[in-house]
Amino acid sequence: MDLSYTPEEEEFRARLREWLARTLPALPPRPSPDDWPGRRAYDLGWQRRLYEAGYAGVHWDATPSVRLIFLEETEKAGAPYVGANFVGLLHAGPTIAAEGTDAQRARWLPPILRGEEVWCQGFSEPEAGSDLAALRTRAWRDGDDYVVSGSKIWTSHAEVADWCELLVRTGPAAPKHRGITWLALPMDAPGITVRPLRTLAGPAEFAEVFLDEVRVPVANRVGDENDGWRVTMVTLSFERGTAFAGEVVACRRVLAELAVEARKNGRWDDPALRRRLGRLNAEFRALWRLTQWNVSAAEASGGVPGAGGSVFKLRYSHARQDLYDAAAEVLGPDCLDLDRPWTPDRLSSLAYTIAAGTSQVQHSIIAERILGLPKGR
Amino acid sequence: MRFRLTDDQRALRDGVREALARRFDGRALRAAVEEADRGGGAGVRGGARGTGEGPGRSAAGGGGAGGARAAAALDGRGHGGTGSSGGPGGAGGPGEGRAAGPPRLDRGLWRALGDLGFFALRVPETDGGVGLGLTEAVLVFEEAGRALLPGPLVATHLAAGAVPGAATGETVVAAVDGGLVEWLAEADAVRGDTTGAVPLRSLDPLTPLHRVPAARPAPDPVAILLTAAEQLGTAGRVCELAAQHARAREQFGRPIGAFQAVAHLCAGILVRAETARAAVYAAAVTADPADIAAARILADEAAVRGARDCLQVHGGMGFTWESEVHLHLKRAWVRTQRAGGVTESEEVLAAALTPETV
Ligand SMILES: Cc1cc2nc3c(=O)[nH]c(=O)nc-3n(C[C@H](O)[C@H](O)[C@H](O)COP(=O)(O)OP(=O)(O)OC[C@H]3O[C@@H](n4cnc5c(N)ncnc54)[C@H](O)[C@@H]3O)c2cc1C
C-alpha cells in the first residue's frame, strides 16, 4: 500500500498549484445562482481556461492518481466547480468515450473539453425515478431518424444545455430493461419544450422537458438499439463512482472554516460541539481515503468504477448533510439566514441522498451486487 | 499512489488467516467460551492442541520475498510441539480444572502465536524479529480481530523487544490502559501501575478485566491503531456472518436477504466496514496521529454497529449464547474502552481543525 505520488505526479501538482495561484485571482465574479445564462458563461469560461492551460482532459485521459491530484488542488484552492459542465465532463463524456464510435467521439468530446457545449441528463421521468427502467418516453424509427415523444423531469441544467443524454424506449414489447436506447439529443431540435422547476433551495436548478415528435438522427445513438440499459449502467457507475470525489476536499475545507467560526463566536467551548466537529473530521478524512482506495482499485481493474461507487456515494451523501447540520449548530440562529453561505449549502445538501439514485436504492445495489443477497422487491 | 495491498501483503493476510483458522477456528472459540463459562478451568485453548502439526504447509500463495517470509514465519514452519510447552506461569493442561474464576490463557496458543511471528513482527531482523512494518502489523491484527483471538495481544506485541520473552510468546504481557487492565491474572509481566486492581465481572467471556485507580498516561498511537485494526477485523467478519445468514435463512418462503429491510441492514454493515478499512489502512501507511484518531473512530463504529446489526439479522439466533455474534459485539465493546475511547480521538481531530487546514 502506497499513498505517495511519483515525482512526475508531484511535479504536476506543483505546476497546477502555481497556475491556480496565477489564474484564480483574475476570474470574473461569480454570477448569482438565479442567473442561468451568467452561470453557463462562467462555467464554460472556466472550462475554456482549463483547456487552454492543458488541463481540460484531466477527467478522462490522466491516470487516476493525476485526476485525484487535480481534484484535490482545485478544490483546496477554491477553484470554480464543474457546474454546468457536470454531465458532459463527468458522465456523458466518459460514456461516449467508452461506448461511442470514433465519429461520435470526434463529434462530441472536443466541444465538451473546450468548454463550448453543455450537456444534461434526461433519464428520470415522472413515473420512472428509482425504477428508471420503467421509463416510457417512446422512440420509433422513421428513415434515418428516431421520432421521440414523452417527457423527462428533474433534468439539471436543461435550460442551458446544448445536448441531452436521453433514454428512450425503442422496444415496447421487450422486457423493460431490454427495450431501452441511449441517444444524444440536440436541445435545439423542434418539438422540445423546457419548463424550469424551482428546487427547495430556491433557484431553478432543474427542469421538465417535454418531447413532442422530436427527430433525432439514428447516428446519435450510442450503443445498439435496445442495448441502452447496459450503456446506462456505464453512465451511472461514472456518476456514482468518481463524480463526487473532489467534493470531499471541499467539505474538508468547509469543516475547517466551521472550526474557525466556532472559535470566533465562542461555540468551541462546548465540548459536545467540538467533538461533533472532530468526528466529522474523521468522517471526511476516511471518505478521502475511500476515494483513494476506490481510485486505486479502478486503476488496477482498468477504468469503469464498480459498485464501490455506491458505497462511497451512500456514505458521502449522508456525511455532507451531517456537515451542514453541524454548521447550523455553529451558526445558531444565523443558520436561518439565507445570506450565510452555509444556509443555502445546507438546503442543497438535501438533494445528495436522492439525486443519482436514492440511499435506499444504493443500499439495494450494495446488498445485491457486493454481498450477493437475493434480489428483493 | 497505489493504495491497495501489494502481492506480499495479500499473501501475508491470507497466510495469517489460514494459520489462525488451523489454530483457533470456530470450534476452538466455542470450546474456549464454554470453558470460560464454566468458570475458568482449562480455559482458552487453541483448537489444534499440538499446534506444530502439518509442518511445511505454505500458507502464502506466492508473493514476493517479504510477504512469503512473513507468512512462513506466521505459518510456524520449522517449529513443532509448541502445544505442550507451558509458559512461565504454567500451562493449563487439558484436564486441569479450576473450581471457579476467570478464563485462563492457553500458553500453547500464545507460544504458537510467538512462533508465528505475531509479536516479533515489527522487531528488526537484526534483533531476531520479522522486520516488517506498521502496515503488516495492521493486516495481522485485523485477522486476529476476525478470529476473535483472545489475550492481551496488543500489549504483548508492543512489549516485544522490551520485555524478555514477549517477542517469542514465552511471556504474556498485560498493560494498564485508562482505568482497566485486560488479562491481569494471567500475565507474566504488566506495564503500568496496578496498585489497587480489583477484578470486574467482565461482560466479554474471553477478556478478564481489572479496574485500576491509576492515572491515565497518554495513549500510544500504535496501540490505538492496532486496536482499530482488530475492530476492522470484527467489522469484516460480522459483515460476512450477516450476509451468509441472510442468504441461508428462509422465512415466508424466501431467504430473508430478499427482504429489503434485511438487505439494507447488511449493506449498512458493509459500507461502515469498507469506510473504516480505507481509514485504518491509510493510518497505517502515514502513522499520522490525526489519521490514527480518525481510523479508531471509524473502526469502533464499524465494529460495534456492525455487530449489533449482525445480531439483528440473526434474530433470536443472534440473542442465543451459542451464536458467535454476541462474542464479536462484546469484544468490540471491550476495545472501545481502550486508549481514552473515542472521546479522546474526537478531541484530537477537533484540535487538528485549524485555520491552516482551511
Ligand atoms: C437535485 C436533483 C437533480 C437531479 N438531476 C437529474 C438529472 O439531471 N437527470 C435525471 O434524469 N434525473 C435527475 N434527478 C432525478 C433523480 O435521479 C431521482 O429523483 C431519483 O432517482 C429518485 O427518483 P424519484 O424522485 O422518482 O423518487 P422515487 O423513486 O419515487 O422514490 C421515492 C422514495 O421511495 C424510495 N424507493 C423507491 N423505490 C424503492 C425501492 N425499490 N426500494 C426502496 N426504496 C425505494 C426512494 O428511496 C425514496 O425514498 C435529480 C434529482 C435531484 C433531487
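Trainee: What should I know before I start?
Mentor: The model is predicted: local features need pLDDT of at least 70, side-chain atom pairs count only at pLDDT 80 or more, and totals for chains, interfaces and linings use all residues. Residues are numbered from 1 along each chain as its sequence is written, chains are lettered from A and ligands numbered from 1 in the order written, and side-chain values use heavy atoms, without hydrogens and water.

Trainee: How many residues of chain B are in contact with chain A?

Mentor: 54 residues of chain B are in contact with 51 of chain A. Contact means heavy atoms within 4.5 Å.

Trainee: And how much area do chain B and chain A bury between them?
Mentor: About 4600 Å², 65% of it on carbon and sulfur atoms. Buried area is the accessible area (1.4 Å probe) that two parts lose on being put together, summed over both. Met1(B), Phe3(B) and Leu353(B) supply 20% of what chain B buries against chain A, more than any other three residues.

Trainee: How many salt bridges between chain B and chain A?
Mentor: Seven. A salt bridge is a side-chain nitrogen of Lys or Arg within 4 Å of a carboxyl oxygen of Asp or Glu. One joins Arg289(A) to Asp291(B), with the closest N and O atoms 2.9 Å apart.

Trainee: New topic. Is Trp183(B) buried or exposed?
Mentor: Buried, because its relative accessibility is 1%. Buried means under 20% relative accessible area, exposed over 50%, partly exposed in between (1.4 Å probe, protein chains only). Trp183(B) has a positive phi of about 60 degrees, though it is not a glycine.

Trainee: What about the phi of Ala339(B)?
Mentor: Positive, about 50 degrees, and Ala339(B) is not a glycine. Ala339(B) counts as buried at 5% relative accessibility.
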